[in-house]
Structures are given as C-alpha cells and as structure tokens.
Amino acid sequence: MGVTKVRAVFSDLDGTLCHFDRDTRKHGVVTEEDPLTPGEATVRNTHTGETRRCRLLPTSTMGNGVVSDETARLVGELRKAGVIFVVVSGARSSTIMKRLPLLPHLDAAVSETGSRVMYAPEGEQGS
C-alpha cells in the first residue's frame with residue numbers, strides 16, 4: 001500500500017492550538033502580555049528560560065489564550081501544500097468570530113460543538 005497524501009486536518013482549538021495561562025502556569029509556563037503591542041504576548045518557560053512569541057486570543061469563559069507564531073507558520077505551510085485546515089471548538093460562534101483575525105488562516109471553523117460551520121471568505125480558502 002502506498003503513501004496517501006493528507007488532504008485535510010481537523011484540529012481542536014482550546015488546549016490543542018490555543019493554550020491558557022491558567023493551565024500552563026502549573027507547569028512553569030507563564031504568559032506575559034506585550035504592553036506595546038496589543039494582541040501579542042510572550043510565553044516563557046520559567047524552568048528553561050525558553051520564550052515563544054504568541055498571538056493573544058480573547059475568550060469570555062476561560063481567560064485569554066495564546067496561539068504561537070510558530071503554530072501559525074506551520075498551519076500556513078500545510079495550507080500552501082494544499083491541505084485543508086479546519087479548527088473545531090465547543091466555543092460560541094461569537095467567541096470564534098473575535099478570535100478569527102488572530103488565528104492562523106483557516107479554511108473553516110466549526111463552533112458550538114459542531115452546530116455551526118464558518119468557511120473562509122472566497123479567495124482565502126487554500127491560500
């Protein structure tokens with residue numbers, strides 16, 4: 001059997017692509033908001049000193065979350081290779097809509113535990 005090309009990736013958002021300070025802090029990883037650049041933060045591992053630039057995502061129930069710039073870059077690479085990328089979340093559609101400008105470019109987002117599907121505007125899909 002040959003290798004099959006991946007055509008689509010469906011990824012959970014909260015806790016998978018997006019991480020929350022309240023969950024990572026217990027592992028020595030803290031989020032430091034950038035006071036000069038709204039919507040951006042640095043995530044720092046207090047044990048190793050490693051830092052990572054991130055996008056700060058608003059949320060109404062879990063506090064602010066972050067998606068690393070590296071994650072956004074990798075999602076972009078998948079999409080350039082023709083892979084459809086979809087995020088899936090139990091979050092409300094209104095929360096997802098607030099997050100969309102800060103998420104990696106997506107082909108679609110599924111919200112409200114699968115009851116709503118939002119597609120990228122025409123011309124943005126697969127780019």
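A disulfide is a covalent bond between the sulfur atoms of two cysteines. When it is taken as a pair of cysteine sulfur atoms within 2.5 Å, the count comes to zero.

Residues are numbered from 1 along each chain as its sequence is written. For this predicted model, local features need pLDDT of at least 70 and side-chain atom pairs count only at pLDDT 80 or more, whereas totals for chains, interfaces and linings use all residues, and side-chain values use heavy atoms, with hydrogens and water left out.

## The second largest pocket

Cys54 also belongs to the lining of the second largest pocket, where Val29, Val43, Arg52, Cys54 and Ser68 lie nearest the centre among 14 lining residues. The search runs on a 1 Å grid over the protein atoms alone: a cavity is a set of points where a 1.4 Å probe fits but cannot get out, a pocket is an open set with protein on both sides within 12 Å along at least five of seven lines, and lining residues have an atom within 4 Å of a point. The space in this pocket is about 250 Å³, a volume being the space filled by probe spheres set on the points, which are joined across faces, edges and corners.

At least two lining residues come from each of strand 4 (40-45), strand 5 (51-57) and strand 6 (65-68); helices (H or I, at least four residues) and strands (E, at least two) are DSSP runs, numbered from the N terminus. By residue class, the lining holds five nonpolar, six polar and three charged residues, where Ala, Val, Leu, Ile, Met, Phe, Trp, Tyr, Cys and Pro count as nonpolar, Asp, Glu, Lys and Arg as charged, and the others, Gly among them, as polar.

## Asp34 between strands 3 and 4

Asp34 is placed in the loop between strand 3 (29-33) and strand 4, and its side chain reaches the backbone nitrogen of Leu36 at 2.9 Å. Such a polar contact is a pair of N or O atoms within 3.5 Å; within protein, one must be able to donate a hydrogen and the other to accept it, and residues adjacent in sequence count only if both atoms are side-chain atoms. When neighbours within four places in sequence are left aside, Asp34 is in contact (heavy atoms within 4.5 Å) with Glu40, Ala41 and Arg53.

## The loop between strands 8 and 9

Ser115 lies in the loop between strand 8 (108-111) and strand 9 (116-119) and is partly exposed at 46% relative accessibility. The side chain of Ser115 reaches the backbone oxygen of Glu112 at 3.0 Å, and Glu112 is placed in the loop between strand 8 and strand 9.

Glu112, a residue other than glycine, has a positive phi near 50 degrees and is partly exposed at 29% relative accessibility. Thr113, found in the loop between strand 8 and strand 9, has a positive phi near 55 degrees, again in a residue other than glycine, and Thr113 is exposed with a relative accessible area of 69%.

Ser89 lies in the loop between strand 7 (84-88) and helix 3 (93-99) and is buried, with a relative accessible area of 3%. Beyond its neighbours within four places in sequence, Ser89 has contacts that include Leu13, Asp14, Glu112 and Thr113.

Ala91 lies in the loop between strand 7 and helix 3, is buried with a relative accessible area of 15%, and touches Asp14, Ile96, Ser111 and Glu112 once residues up to four places away in sequence are not counted. Arg92, found in the loop between strand 7 and helix 3, is partly exposed with a relative accessible area of 46%, and the C-alpha atoms of Arg92 and Val110, 18 residues apart in sequence, are 9.7 Å apart in space.

Definitions and conventions: Buried < 20%, exposed > 50% of the residue type's maximum accessible area, 1.4 Å probe, protein only.
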